Amino acid sequence: MIKELKSWGIFVAIIGALYFTGLLTDVAGTVQRFVVATGIVNADTDQGVSGKADYNWVLKEFETGKQVKLSDFKGKMIFLNVWASWCPPCIAEMPSIQSLYNQLKNKEDVVFILLNVDEDKTKASKFLKRKEYTFPIYQKVTSTPSIFYSNSIPSTYVINKDGEVIYNHQGLANYDSESFINMLTSD
């Protein structure tokens, strides 16, 4: 019994140390990244249309504060991911999103919107700089349209050129796959 209590005490001490040093989210994200690497959580691209996109949404660029309307991207494929820097599953899927972005960033008909929902912009900014992510980050200005509303993050949507939401996923996924790239680049 004493040996078991010592084991639990060590476990609690490690978790406490990670929490108080601010590393718990990064460690949890790293563990989940290994799950992503296994391919167990590849994005399922065999979804149907879940509705029409509501383009009446105003966002602002994270760094500049410049406002943009979702309607500015009509007629393009839109990859929309809602995330936060304190969310381990969000952190875990970020490398796959960065890889996807790197492969498609020069395609004029594919738009990436990574919507940050952190209340503390400074914390999110430090996270992005530390990880050296280069995909476009936005924050919302107006209320989230119901088609994009979710109680969980990360949440990812793909809107096709006709304005249909053809992909809707809540939770961790690997987006750096051939099938997902094909979905975003198909006409």
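In what order do the seven strands of the open sheet stand? In this predicted model, the order is β2-β1-β5-β4-β3-β6-β7, and the pairing within the sheet is mixed. The edges are formed by β2, which spans residues 67-69, and by β7, each of which pairs on one side only. From one strand to the next, the twist averages 30°.

Both senses of pairing can be followed in particular strands. Strand β3, covering residues 77-83, runs parallel to strand β4, covering residues 110-116, and the two are joined by seven bridges; within this pairing, Met77 has Val110 of β4 as its bridge partner. Strand β6, made up of residues 155-159, pairs instead in the antiparallel sense with strand β7, residues 165-170, over five bridges, and here Thr156 stands opposite His169 in β7. The hairpin of β6 and β7 has five residues between the strands, and in this hairpin Gly163 takes a positive phi near 85°.

Helix α5, residues 178-185, lies across β3, β4, β6 and β7, and its direction makes an angle of about 125° with β3.

Sorted by class, the lining of the largest pocket consists of nine nonpolar, six polar and two charged residues.

Key: Residues numbered from 1 in each chain as written. Predicted model: local features only at pLDDT ≥ 70, side-chain atom pairs only at ≥ 80, totals over all residues. Heavy atoms only, no water. Pairing = 2+ DSSP bridges. Helix = DSSP H or I, 4+ residues; strand = E, 2+ residues; numbered from the N terminus. Axes fitted to C-alpha atoms, helices over the stretch in contact; angles between N-to-C directions. Contact = heavy atoms within 4.5 Å. Nonpolar A, V, L, I, M, F, W, Y, C, P; charged D, E, K, R; others polar.
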